[in-house]
Structure formats: C-alpha cells, structure tokens
Amino acid sequence: MTTFADPVDEAAALQQQMIDNALANRKRPNMTFTGECHYCKESIDSGHFCDAYCRKDHEDMVWAESQRRLS
C-alpha cells in the first residue's frame with residue numbers, strides 16, 4: 001500500500017484505478033470485418049463503417065434500441 005502525503009494525490013490514484021478497472025471489464029464490441037458497412041451495407045476495404053455519418057447513425061440506432069421498453 002502506498003502512502004500519500006496529499007489527499008488529492010490519493011483521490012487521483014483511486015480514480016485512475018477505477019478507470020483502469022472499468023476499461024479492463026468493459027464489454028467488447030462483437031463486430032467483425034465483413035467487407036461491407038454495418039449500417040448501409042456499402043462495400044468497404046477496411047473498418048466497420050464507410051464514413052462517420054454511418055457510424056453515428058448506427059450508434060444512434062443502437063442507443064435507441066437500448067432505450068425501448070418491453071411491454
């Protein structure tokens with residue numbers, strides 16, 4: 001255990017530890033390269049989306065689906 005002279009340093013170290021833990025345990029995306037944009041299905045050479053607009057639209061769609069309530 002490290003002893004900190006300043007409580008602010010201790011708080012910063014704790015915050016960084018929590019960030020590191022959150023990043024290590026985050027859900028990994030399950031997208032795989034298919035050769036086409038995941039949103040509009042246009043042919044692409046690399047990545048998952050053909051441009052920033054398709055990426056944003058896909059993120060918005062995924063967010064909207066997560067907000068829907070099941071009746």
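## About the model

This is a predicted model, where local features need pLDDT of at least 70 and side-chain atom pairs count only at pLDDT 80 or more, while totals for chains, interfaces and linings use all residues. Residues are numbered from 1 along each chain as its sequence is written, and side-chain values use heavy atoms, with hydrogens and water left out.

## Cysteines

Searching the whole structure turns up zero disulfides (a disulfide is a pair of cysteine sulfur atoms within 2.5 Å). For Cys37, the closest cysteine sulfur is in Cys40, 3.8 Å away, so that's too far for a bond. Cys54 is in no disulfide either, with the sulfur of Cys50 nearest at 3.5 Å.

Cys37 is buried at 0% relative accessibility, and Cys54 is buried at 10% (buried means under 20% relative accessible area, exposed over 50%, partly exposed in between, with a 1.4 Å probe and protein chains only).

Helix 2 covers residues 52–67 and includes Val62 (helices are DSSP runs of H or I, at least four residues, numbered from the N terminus). His58 sits in helix 2 too, and it's buried at 13% relative accessible area. Leaving aside residues up to four places away in sequence, His58 touches Met31, His38, Tyr39 and Phe49 (contact means heavy atoms within 4.5 Å).

Val62 is partly exposed at 41%.

## A loop residue

Lys27 lies in the loop between helix 1 (7–24) and helix 2, and is exposed at 79% relative accessibility. Lys27 and Ser43 are 16 residues apart in sequence, and their C-alpha atoms are 27 Å apart in space.

Note on methods:
Helix = DSSP H or I, 4+ residues; strand = E, 2+ residues; numbered from the N terminus.
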